[in-house]
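Please work through each task before reading its solution.

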Amino acid sequence: MILLDANNITKSYVTKDVLTGASFNIQDNDKIGLVGNNGCGKTTLLKILIGEISRDGGDIYHKKDLSIGYLEQMTTLDLECSIYDECLRVFEETIKLEDEIRKMEKKISIMKDSDALDDLLLKYQTMQDSFNAMDGYEYHSRIKGMLKGFGFNEDEFDKSINHLSGGQKSRIQIAKLLLSKPDILFLDEPTNHLDLNAINFLQNFLRDFQGAVLVVSHDRYFLDKICNRIFLMEGGKVFSYNGNYSEFFVKRKKDFEVMMASYENQQKEIKRQEEIIERFANYGSSRYIKQSQSRRKLLDKMKLVEKPKEFVGGFSLKLTPAIESGRDVLMVENLSKSFGSHKIFEDVDFTVFKGEKVGIIGPNGVGKTTLFKMIMGYESITSGQITTGSQVKTGYFDQEQKDLDYDNTVLDEIWNEYPRLTHYEVRSYLAKFLFVGDDIFKLVENLSGGERSRLELLKLMLSSSNFLLMDEPTNHLDIDSKEILESAMNDYEGTALIISHDRYFLNQVVDKIIVLNEDGTKIYLGNYDYYIEKLEEEKAPKEEMVVNKTQSIKDRKKQKQLENEIRKIKKNIKKLESDIAELDEEISELHNLLTKEEVYNDYVKSQEIVDDIKVKEELKEELFLKWAELVESVE
């Protein structure tokens, strides 16, 4: 059943067209992820759908009596209220009906007139039926379950909201919305400020939710786990893909390749026609001039294929540290940290080796950032030892962008730091981190939080550091920027220790997980999915664990072999792409030669060139077929 249908929605502001004809539908039980670059209009679209802002054009139809729940990025709570009482507000109608039922029961208990009693009993039954339909006997247990799921214990239920952190307020806001059980949930970045346990609870709730969900999120792991459709917002329109985020990514890549091939083929044809038009015009005879004019008219009428937006999954940024570190990069032994009588953590032990990408996870407030500051020497050690290995040069990303000069332009910020880079190299690196065109001349103080994060990350990646400490590097980044960072990190030849709640990022980048808690650390030699797999094994009976361990070793060996094969294939793909690009240049040069008068007037010479072009085109076609086979095998 279609719950909501949007047709050709448009919205413009004074200097910008935000929506230029967005059309889509939302069906019952759909779990949809809405993705797109920062500033593309995702939040605007949500606010149009809930009626908070008007649309300029288009139609929105929805099911009769459709109930909508909307979660904004900013919380709107009564700060004087307790946590539990704030959640009770969701059930005001239910509580009111419950009070009426209690009053009705008192009336019935003293009623003596049998006729009037029959009327009261009939009304009482109707009220009871309504109360049951509202799950009236369950709302207290639902509130308790929801609050516990979001990390609140019963001792905190009476705590005033005014005393909560920003993240805790966000959790209350989400809890209230989920308790209201609308037909459609519109969620704008619901996983912001949530720790992994709260995200997992939300994820499981939404997956089982008996209604539709439209969620704006940069958390790709979250989108993978709950979504059956992805809406991509691009150029003011909405493009619908079936499947979760990973399936969308593969399909999007294929779409890009098809669109780019179509664009490039048309550009080649336009260039060819321009050359013919110019040649005919230069012949001078009226016959050729007419043909030239005729071709020009056809060319002017040609519907141009728009150049597709650059696909971020297709670039590579190779960064090699200037100095190679020793094998042991960081040794942490029996480390503890307390502030006065308050213990943060103790018995922390781990080693980071050269070339490893290590993820640190743990609940909020456990001291992950404090640990980084201790490693950097910004925070004192209560007890234990931190040792860095030989030739280790550490770089630190802390989200606060303290190293940025707000008076610089983006271009100068990089060039001043790395004056030996050429102008072309600086622009090339900036482009790979999505600073293109006039963006490079923006002042740093005028950049958004996400843009500053990108700039700071690029500076860190370009530094001579061979050991990177990165504290939530994907915060404030849109999905394109995250994938750029992942690609750069996977090609980075140094070592990295990364605090992150971004499970998709951890899956793509890290090869070891350290779980930090107040009693120490636990280490898992794999990515985030491997960590989850081991958690499940730890819950299983011991006899199952032996079987699972043996199978896991086999699976990891197979996975390693598969990764090695994929690495070799990708290397061949890059070689083929380079060969195809070289052939394209050679063919282009030969076509240019054909336009020269001394060549096209020399039949023999021009025929040789035409034959050469044919040979190279055939070779290019051969290489392209091999390339396509290899790309398909990787997928």
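**Exercise 1.** Determine which residue of β9 stands opposite L232, and describe how β8 pairs with its partner strands.

*Solution.* Step 1: F239 in β9 is the residue that stands opposite L232. In this predicted model, local features need pLDDT of at least 70, side-chain atom pairs count only at pLDDT 80 or more, and totals for chains, interfaces and linings use all residues. Residues are numbered from 1 along each chain as its sequence is written, and side-chain values use heavy atoms, with hydrogens and water left out.

Step 1: β8 and strand β9 (residues 237-242) are joined by 6 bridges and pair in the antiparallel sense. Two strands are taken to pair if DSSP finds at least two bridges between them; helices (H or I, at least four residues) and strands (E, at least two) are DSSP runs, numbered from the N terminus. Together β8 and β9 form a hairpin with 2 residues between them, and G235 in the turn has a positive phi of about 60°.

Step 2: Strand β3 (residues 31-35) pairs with β8 in the parallel sense over 4 bridges. L232 in β8 is the bridge partner of V35.

Step 3: As for burial, 5 of the 6 residues of strand β8 (residues 229-234) are buried, and the strand is mostly covered. Buried means under 20% relative accessible area, exposed over 50%, and partly exposed in between, with a 1.4 Å probe and protein chains only.

**Exercise 2.** State the strand order of the open sheet that contains β1, and identify the helix that packs on this sheet.

*Solution.* Step 1: The order of the 3 strands is β2-β1-β4, and the pairing is antiparallel. β2 (17-27) and β4 (57-62) are the edge strands, each pairing on one side only. From one strand to the next, the twist averages 10°.

Step 1: Strand β1 (residues 2-12) and β4 run antiparallel and are joined by 5 bridges. Within β4, G57 stands opposite T10.

Step 2: Helix α1 (residues 42-49) packs on the sheet and touches β1, β2 and β4. Its direction makes about 60° with that of β2. Contact means heavy atoms within 4.5 Å; axes are lines fitted to C-alpha atoms, for helices over the stretch in contact, and angles run from 0 to 180 degrees between N-to-C directions.

**Exercise 3.** Classify the packing of α3 with α4 by angle and handedness.

*Solution.* Step 1: Helix α3 (residues 92-110) and helix α4 (residues 114-133) have axes 10 Å apart and pack at an angle of about 155°. α3 is therefore roughly antiparallel to α4. Angles under 35 degrees count as roughly parallel, over 145 as roughly antiparallel, 65 to 115 as roughly perpendicular and the rest as oblique.

Step 1: The crossing of α3 and α4 is left-handed, a term for a near helix turned anticlockwise from the far one by less than a right angle; clockwise gives right-handed.

Step 2: Among the residues that meet are L97, I101 and M104 in α3 and L120, Y124 and M127 in α4. By class, this contact has 10 nonpolar, 3 polar and 5 charged residues. Ala, Val, Leu, Ile, Met, Phe, Trp, Tyr, Cys and Pro count as nonpolar, Asp, Glu, Lys and Arg as charged, and the others, Gly among them, as polar.

**Exercise 4.** Apply the classification to α12 and α14.

*Solution.* Step 1: The axes of helix α12 (residues 410-417) and helix α14 (residues 449-462) cross at roughly 20° and come within 11 Å. α12 is therefore roughly parallel to α14.

Step 1: This crossing of α12 and α14 is right-handed.

Step 2: V410, E413, I414 and E417 in α12 meet L455, L458, K459 and L462 in α14. The contact residues comprise 5 nonpolar, no polar and 3 charged.
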